[in-house]
Amino acid sequence: ELPESHPLVRPGGTASAPLVRALRGDRPDRVPVWFMRQAGRSLPEYRRARDGVPMLDACLDPDLAAELTLQPVRRHGVDAAVLFSDIVIPLRLAGVDVDIVPGRGPVLARPVRTMADVRALPELPTDAFAPVARAAALAVAELGDVPLIGFAGAPFTLAAYLVEGGPSKDHLAARTLMLAEPETWRALVTRMADYSAAFLRAQVLAGASAVQLFDSWAGSLAPEVYRSRVRDASARALAGVADLVDPAGRGVPRIHFGLVCPGLLADLRDAGADAVGVDHRTPLDRAIELLGPDVPVQGNLDPAWLGAPEAPRLAATDRILAAGRKAAGHVFNLGHGVPPQTDPDVLTALVAHVHDWEAER
Ligand code: CP3
């Protein structure tokens with residue numbers, strides 16, 4: 001059960017926020033909007049606050065992480081904050097030697113390739129997530145009725161970094177491991193699922209009103225391989241918050257996002273998600289056809305439009321908003337993260353446009 005003081009439970013909290021309502025399959029007065037990677041280098045106030053602080057140190061500094069979480073809400077008026085953190089934070093907190101190299105991404109000191117490597121992965125210490133929980137609680141205290149979204153990396157995306165030792169284009173080493181050494185692979189993704197489940201749970205207990213599981217790299221998998229080697233582990237991660245329900249028995253809305261082929265969207269839902277995040281390579285109306293009208297969707301403006309002229313960008317936005325009417329609920333977002341070179345005023349105007357669109361109807 002969720003504690004009585006949780007924003008989803010307490011009066012005047014987030015249960016009637018547009019984001020939570022849309023993710024539960026309802027139609028609030030306006031379409032809620034937030035952006036993946038909304039906190040980041042596109043904001044001058046972010047660059048100032050982060051100056052000289054390594055990425056993972058910033059995530060583990062509760063005051064700084066809370067401040068960076070709040071910046072895009074203050075500036076753009078988005079309908080949700082997303083905790084400033086990273087998918088590799090549970091690894092770092094468990095004691096795995098991982099860092100984020102600017103311009104590149106997560107890099108491991110030692111790749112994980114054998115059963116012995118997997119067995120040597122450390123357990124999370126009790127209370128490992130204290131700095132994350134503190135950051136979330138500080139942000140929630142300022143957000144009032146605006147929901148905080150917690151997140152974690154999906155087991156495949158995390159395991160891809162571990163096996164490759166860093167970012168890779170096609171994740172070939174990870175994809176080979178799952179076919180060549182299924183037992184080692186199973187042990188590895190199960191461990192990743194447990195890290196991510198614990199990360200999600202810590203964020204929810206600290207006040208997050210929704211969670212998103214990011215399987216950013218699942219699109220490199222053949223659908224049948226995703227189903228047989230990956231999906232159960234993602235379900236295990238999402239199940240980590242399934243017992244946290246309000247007094248009416250309603251759970252914390254879970255969004256499952258992946259850059260995937262259209263054929264995998266139903267699998268993202270079937271892994272135990274309440275809503276599916278759609279990337280820009282699948283038209284939203286096509287995604288809704290594939291998922292059926294009962295599944296709330298999130299997405300999916302191509303981030304490339306942020307650097308294009310306004311009129312066609314807003315026309316593309318309107319097409320997505322119109323398509324979203326056909327789903328049980330729609331949360332507007334990009335199809336992937338905000339590019340660092342984005343003009344922040346473009347995002348602010350886009351939020352206003354999405355909010356006005358619904359008001360016109
Ligand atoms: O605003 C938000 O969305 C919340 C914070 C957030 C970050 N990372 C902060 C971050 C979230 C949700 C993530 C998730 C994440 N991290 C994913 C899944 C989402 C996706 O983009 O597909 C992945 C694959 C990672 C791993 C990772 N961390 C990469 C590939 C990078 C980029 C490295 C670079 O410099 O280009 C990071 C670093 C990172 N995570 C930054 C931020 C704001 C940039 C760090 C900086 O500003 O120096």
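**A friendly look at a predicted model**

UniProt, in an unreviewed entry, lists residues 32-41 and 149-165 for "domain: Uroporphyrinogen decarboxylase (URO-D)". The model discussed here is predicted.

Reader: How much helix and strand do residues 32-41 hold, and how far apart are their ends?
Author: Happy to start there. The end C-alpha atoms of residues 32-41 are 23 Å apart. As for secondary structure, this span is 0% helix and 0% strand.

Reader: And what is the make-up of residues 149-165?
Author: Between the end C-alpha atoms of residues 149-165 there are 28 Å. The span is 59% helix and 29% strand.

Reader: Are helix α8 and helix α9 roughly parallel or roughly perpendicular?
Author: The axes of α8 (residues 155-164) and α9 (residues 172-180) come within 8 Å and cross at roughly 100 degrees. Angles of 65 to 115 degrees count as roughly perpendicular. Therefore α8 is, relative to α9, roughly perpendicular.

Reader: Which residues of α9 meet α8?
Author: From α8, the partners are A159, A160, V163 and E164. By class, this contact has 6 nonpolar, no polar and 1 charged residues. On the α9 side, the residues are A173, A174 and L177.

Reader: Which residues are closest to the ligand?
Author: The ligand is surrounded by 23 residues. By class, that shell has 11 nonpolar, 8 polar and 4 charged residues. The closest are A39, G40, G105, F214 and S216.

Reader: What is the radius of gyration of the protein, and what does the globule rule give?
Author: The protein has 16 helices and 9 strands. For 361 residues the globule rule gives 21 Å, and the computed radius of gyration is close to that, so the protein is as compact as a globular protein of that length. The radius of gyration is 19 Å.

Key: Residues are numbered from 1 along each chain as its sequence is written. This is a predicted model: local features need pLDDT of at least 70, side-chain atom pairs count only at pLDDT 80 or more; totals for chains, interfaces and linings use all residues. UniProt positions are given in the numbering used here, feature names are shortened, and annotations may be inferred rather than shown by experiment. Helices (H or I, at least four residues) and strands (E, at least two) are DSSP runs, numbered from the N terminus. Axes are lines fitted to C-alpha atoms, for helices over the stretch in contact, and angles run from 0 to 180 degrees between N-to-C directions. Angles under 35 degrees count as roughly parallel, over 145 as roughly antiparallel, 65 to 115 as roughly perpendicular and the rest as oblique. Two residues are in contact if their C-beta atoms, placed from the backbone, lie within 7 Å. Ala, Val, Leu, Ile, Met, Phe, Trp, Tyr, Cys and Pro count as nonpolar, Asp, Glu, Lys and Arg as charged, and the others, Gly among them, as polar. A residue is near a molecule or strand if its C-beta atom, placed from the backbone, lies within 6 Å of it. The radius of gyration is taken over C-alpha atoms; the globule rule is 2.2 Å times the number of residues to the power 0.38.
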